[in-house]
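The following exercises ask you to read an interface and a fold with stated criteria. Please work through each task before turning to its solution.

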Amino acid sequence: MARTALPGRLSPRLEWRVATLADFVDETATARTLLLDVPGWPGHLPGQHVDVRLTDEDGYSTQRSYSLAAPADGERVELTIQRVEDGEVSPYLADTLAVGDPIELRGPVGGWFLWHPSRTAPVLLVGGGSGIVPLMAMVRARRQARSRAPFRLIYSVRTPMDLIYASELRRSARDDGGLDITTVYTRSAPEAWPRPPGRLGLDDIERFGWPPQFEPTCFVCGPTGFVEHVATTLVHLGHDPRRIRTERFGPTGG
Amino acid sequence: MGIVSPGFRRKRRDDVRLPPGQYLTEDFPVLSAGPTPYVPLDRWEFTITSETGQSYQWSWDELQELPAEEPTVDIHCVTKWSKLETTWRGVSLDLLMEEVETTADFALVHCYGGYTTNLPLEDLLDGKAWVAYEFEGDELAPQHGGPARLLVPHLYFWKSAKWVRGIQLQEFDEPGFWESVGYHNYGDPWREQRYQGD
């Protein structure tokens with residue numbers, strides 16, 4: 001459990017902290033979850049992210065942003081890194097960083113794309129690929145808070161091999177009351193899957209989401225084209241644009 | 001200098017035109033807080049309102065008739081990507097502000113879709129800002145802020161408000177959308193003013 005108050009806003013001064021890799025979990029062939037110990041971590045809300053800074057021996061340093069994958073557990077934070085081919089930072093984080101190694105991070109950052117566990121209104125989560133990461137933080141925070149807020153998650157991936165958090169999502173679909181999960185495959189689906197592979201369409205969003213009259217808060221995260229398509233479809237279906245919150249990442253965001 | 005991450009090696013070369021912490025990208029990532037608003041050109045308008053309430057308005061056609069400039073500039077997003085030598089076409093704020101009577105020091109930029117961002121008025125003047133409607137020779141795509149966005153390349157790109165619809169001139173500063181949830185009030189990429197307190 002987070003042991004400190006959860007900030008809805010940034011602290012006035014965001015300090016760089018040294019995080020140490022405590023453990024990792026390989027989620028798919030290209031995604032790895034980093035379990036990091038961050039002394040002094042102030043807690044966060046699901047949907048927020050951190051900035052990571054890497055520095056090499058010559059003093060060159062570079063930064064990237066990564067979504068927090070889970071509610072804070074004391075000073076332990078989780079990031080799930082999708083390896084970007086030819087990326088400068090993600091291959092290092094996903095392959096090279098070893099248990100005990102330090103990286104610098106600061107946060108939490110982000111005051112818009114976030115869900116507060118005290119909210120009771122319906123929520124629609126739509127994730128494409130590694131866009132599931134901040135949405136998973138919301139699913140986990142909901143479970144941790146024993147929230148009964150009605151949640152629907154639509155998760156679009158290319159193939160079953162690309163599913164991040166596959167077994168946990170299966171358990172959640174069974175055990176987390178009031179959480180409905182729909183997986184949409186775009187390239188190839190498991191055998192006997194009820195929906196043929198194909199891009200997430202208006203019919204899917206209408207059928208597996210909430211009607212606009214329920215006034216859900218919609219969180220959409222994924223690659224630019226995916227988010228653009230889903231957000232536009234939601235507006236077309238009658239959802240109020242002010243209740244649609246988006247996070248997009250480009251192919252080089254890595 | 002930060003602590004060294006064991007085994008981390010740079011893959012990209014330094015470019016003196018890159019502010020600290022930024023990396024170069026060739027494509028054009030999109031970052032927006034919500035859905036893309038689609039604004040029909042016959043309903044598009046751009047309004048500058050002075051601190052006394054006097055307003056100056058341009059329709060799409062009127063904007064197109066104004067002399068345009070084609071700035072080639074580097075742009076820097078707070079999410080760490082930069083693009084070098086991007087070429088735009090649009091109308092300089094100097095021109096739009098020519099007739100506006102004001103002694104205000106601050107500007108609050110309003111957009112279709114409800115986004116806002118604030119900046120000192122002087123950061124919009126003297127050849128530093130445009131209302132841009134073309135990118136690399138094509139009309140500006142909706143996801144990049146089309147039909148028109150503000151272009152203020154010397155600040156982080158969240159100040160270059162997409163889907164711009166007007167500017168409110170004010171005597172007092174008032175934080176916009178990202179600024180009120182913790183982003184830096186000014187946003188100079190060369191000083192890495194990403195968040196409050198930077």
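**Exercise 1.** How many residue pairs in polar contact does the rule find across the interface of chain B and chain A?

*Solution.* This is a predicted model, in which local features need pLDDT of at least 70 and side-chain atom pairs count only at pLDDT 80 or more, while totals for chains, interfaces and linings use all residues. Residues are numbered from 1 along each chain as its sequence is written, chains are lettered from A and ligands numbered from 1 in the order in which they are written, and side-chain values use heavy atoms, with hydrogens and water left out.

Step 1: a polar contact is a pair of N or O atoms within 3.5 Å, where within protein one must be able to donate a hydrogen and the other to accept it, and residues adjacent in sequence count only if both atoms are side-chain atoms. Step 2: by this rule, 17 residue pairs, both at pLDDT 80 or more, are found between chain B and chain A.

**Exercise 2.** Determine which residues of chain A and chain B meet in a salt bridge at 3.3 Å.

*Solution.* Step 1: the criterion is a side-chain nitrogen of Lys or Arg within 4 Å of a carboxyl oxygen of Asp or Glu, and the count between the two chains is five. Step 2: one of them joins A:Asp86 to B:Lys11, at 3.3 Å from N to O.

**Exercise 3.** Describe the secondary structure and extent of chain B.

*Solution.* Step 1: chain B has two helices and eleven strands (DSSP runs, H or I of at least four residues and E of at least two, numbered from the N terminus). Step 2: their order along the sequence is β-β-β-α-β-β-α-β-β-β-β-β-β. Step 3: the C-alpha atoms fill a box of roughly 60 × 35 × 30 Å along the principal axes.
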